[in-house]
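Please read this briefing alongside the sequence and the three-dimensional view shown below.

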Amino acid sequence: MRLIVLAAAALLAACAPDQDAPPAATSAAPAASSAAAAPAVTGAWVRQVPPAARMTAGYLQITNPGSEPLVIVGAESPLFNAVEVHGTEMVDGMARMRLQDSVTVAPGDTVSFEPGGLHLMLMQAVETIPSEGEIPLALLLADGSRIDFTAPVGQPAQ
Ligand SMILES: [Cu+2]
């Protein structure tokens with residue numbers, strides 16, 4: 001398991017400077033062929049909302065370094081009783097959000113959850129949604145595994 005973690009860290013070193021992989025690992029070329037390389041969430045954030053709000057949205061990028069499609073079938077957070085994966089589509093000139101049964105990340109691909117597109121809909125907040133700090137989240141995968149991560153509360157980049 002340690003080897004797999006190091007392989008993923010090497011692949012993602014460019015966007016995850018806090019990984020503790022030794023510098024030599026960046027030259028580990030065979031890592032790309034590892035079928036079990038761990039998927040990685042980067043750039044996650046949750047939209048800051050007024051104290052009375054009971055829902056908000058989460059955004060992230062997810063990279064699939066493996067050789068099999070990565071299928072996201074849901075998400076969850078201990079701070080929300082309901083979390084859904086939503087897409088956004090234009091209907092008669094209006095942006096409508098739509099529940100996604102699944103989102104597939106092809107091998108070697110990165111999928112972005114971003115304002116105006118895919119997002120995690122965080123609903124039924126258990127308590128007041130924090131206006132700062134980090135929100136714990138998890139992506140649930142079709143194979144029964146999960147990817148845990150935290151997302152800082154903030155505003156979209158200008
Ligand atoms: Cu939504």
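Read from the N terminus, the order of elements is α-β-β-β-β-β-β-β-β-β-β. Of its 158 residues, 21% count as buried.

**Confidence and contacts**

- The average pLDDT of the chain is 83, and 77% of the residues score at least 70.
- Residues 1–35 have a pLDDT below 50, although in the model this stretch has 41 contacts beyond near neighbours in sequence.
- Where pLDDT is low, the predicted coordinates should not be read in detail.
- When contacts between residues at least 6 apart in sequence are considered, 64% of them join residues at least 24 apart.

**Pairing around β9**

- Strand β9 (residues 134–141) pairs with strand β3 (residues 70–76) in the antiparallel sense over 4 bridges, and within this pairing Glu 76 stands opposite Ala 138 of β9.
- Strand β9 is also joined to strand β10 (residues 146–154), again in the antiparallel sense, through 7 bridges, with Pro 136 having Thr 150 in β10 as its bridge partner.
- The hairpin of β9 and β10 has 4 residues between its strands, and Gly 144 takes a positive phi near 90 degrees there.

**Pairing around β8**

- Strand β8 runs antiparallel to β2, to which it is joined by 3 bridges, and here Gly 58 stands opposite Leu 120 of β8.
- Strand β8 is likewise antiparallel to β4, with 6 bridges joining the two, and Phe 80 stands opposite Ala 125 of β8.

**The largest nonpolar core**

- The largest nonpolar core has 18 residues, of which Ala 75, Leu 120 and Ala 151 touch the most other members.
- At least two residues of this core come from each of β1 (40–47), β2 (56–63), β3, β4 (80–91), β8 (119–125) and β9.

**Positive phi outside glycine**

- Asp 92, which is not a glycine, has a positive phi of about 55 degrees, and its place is in the loop between β4 and β5 (94–99).
- Asp 92 counts as exposed because it has 5 other C-beta atoms within 10 Å, where the cut-off for exposed is 12 or fewer.
- Gln 124 is another residue other than glycine with a positive phi, in this case near 55 degrees, but Gln 124 lies in strand β8.
- Gln 124 has 11 other C-beta atoms within 10 Å and therefore is exposed, given that 12 or fewer is the cut-off.

**Residues brought together from separate parts of the sequence**

- Val 71 is placed in strand β3, and it counts as partly exposed because it has 15 C-beta neighbours inside 10 Å, a number between the cut-offs of 12 or fewer for exposed and 20 or more for buried.
- The C-alpha atoms of Val 71 and Val 103 are separated by 5.7 Å, while the two residues are 32 residues apart along the chain.
- With neighbours within four places in sequence left aside, the contacts of Val 71 are Ser 102, Thr 104, Leu 141 and Ala 142.
- Pro 69 lies in the loop between β2 and β3, and its 12 C-beta neighbours inside 10 Å make it count as exposed, since 12 or fewer is the cut-off.
- Pro 69 touches Thr 104, Val 105, Ala 106 and Pro 107, not counting residues up to four places away in sequence, and Thr 104 is also among the contacts of Val 71.
- Between Pro 69 and Asp 109, which are 40 residues apart in sequence, the C-alpha to C-alpha distance is 9.2 Å.
- Gly 133 lies in the loop between β8 and β9 and is exposed, with 9 other C-beta atoms within 10 Å.
- Gly 133 and Gly 154 are 21 residues apart in sequence, and 8.7 Å separates them in space, C-alpha to C-alpha.

Note on methods:
Residues are numbered from 1 along each chain as its sequence is written. This is a predicted model: local features need pLDDT of at least 70, side-chain atom pairs count only at pLDDT 80 or more; totals for chains, interfaces and linings use all residues. Two strands pair if DSSP finds at least two bridges between them. Two residues are in contact if their C-beta atoms, placed from the backbone, lie within 7 Å. pLDDT is the predictor's confidence in each residue, from 0 to 100. A nonpolar core is a set of buried Ala, Val, Leu, Ile, Met, Phe, Trp, Tyr and Cys residues joined through C-beta atoms within 7 Å.
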